[in-house]
Amino acid sequence: LEEELPEYMVPSAFVALADLPLLPNGKVDKGALPEPDESRPQLGVEYVAPSGPVEELLARIWSQTLGLEKVGTRDGFFELGGNSIQAAVLINKLQSELGEYLHVATLFRYPKIADFAGYLQENYAEALTSLASVEEGGGRTSAAGAERVDDAT
């Protein structure tokens, strides 16, 4: 399919069926179709668990946003089925956590958790440090912080 269709039209999950469930009139019974396994789509990369607080934070937000149980550091956001609306939601969640402004285009430049974590560590080290100290202190009040324009365009 990847050779024939644009990337956005390639399904992120497939379910093998012996037969399609049919209604008495011969049409496909969409309500009887099984849901795809949502633990993690079959990707061409091996699962690598997040390591460290930044990758764990990103994996948690990726997982919540995409409705997946397991997200690895080499998994691409869009390869996991993410779209531009979900990208905006993810960036909003991350901005709330960090108390910093991030541009949604950053996710398009760094769609894998490992790469996005490196970007954050390089450009938002202070926000990550304060986030870690707040989490160690037993909770987070509100994400307030100076707005900053991200260099991603």
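**View 1. E97 and R60 pair up in a salt bridge, with N and O 3.4 Å apart****.** A salt bridge here is a side-chain nitrogen of Lys or Arg within 4 Å of a carboxyl oxygen of Asp or Glu. E97 sits in helix α2 and R60 in helix α1, so this pair ties together parts 37 residues apart in sequence. Helices are DSSP runs of H or I with at least four residues, strands are runs of E with at least two, and both are numbered from the N terminus. E97 is buried at 18% relative accessible area, while R60 is partly exposed at 35%. Buried means under 20%, exposed over 50%, and partly exposed in between, with a 1.4 Å probe and protein chains only.

This is a predicted model, where local features need pLDDT of at least 70, side-chain atom pairs count only at pLDDT 80 or more, and totals for chains, interfaces and linings use all residues. Residues are numbered from 1 along each chain as its sequence is written, and side-chain values use heavy atoms, leaving out hydrogens and water.

**View 2. E79 and K112 form a salt bridge too, their closest N and O atoms being 4.0 Å apart****.** This pair links distant parts of the chain, 33 residues apart: E79 is in the loop between α1 and α2, and K112 is in the loop between α3 (105-109) and α4 (113-123). E79 is partly exposed at 40% relative accessibility, and K112 is likewise partly exposed, at 26%. A search of the whole structure turns up two salt bridges.

**View 3. A87 is buried in helix α2 (residues 84-98)****.** Its relative accessibility is 0%. Leaving aside residues up to four places away in sequence, A87 touches F77, F78, V104, L107 and F108; a contact means heavy atoms within 4.5 Å. P111 is 24 residues from A87 along the chain, and their C-alpha atoms are separated by 9.7 Å.

**View 4. E2, E3, E4 and E7 gather in a surface patch of negative charge****.** Patch members have over 30% relative accessible area and no salt bridge, with like charges joined within 9 Å. Asp and Glu count as negative, and the charge of Glu is placed at CD. E4 lies in the segment before α1 (52-66) and counts as exposed, at 67% relative accessibility.

View 5. Of its 153 residues, 30% count as buried. Among contacts between residues at least 6 apart in sequence, 60% join residues at least 24 apart.

Key. Patches are made of residues with over 30% relative accessible area and no salt bridge: like charges are joined within 9 Å, nonpolar side chains (Val, Leu, Ile, Met, Phe, Trp, Tyr) within 5 Å. Accessible areas come from the Shrake-Rupley method with a 1.4 Å probe; for residues, only the protein chains shown count as cover.
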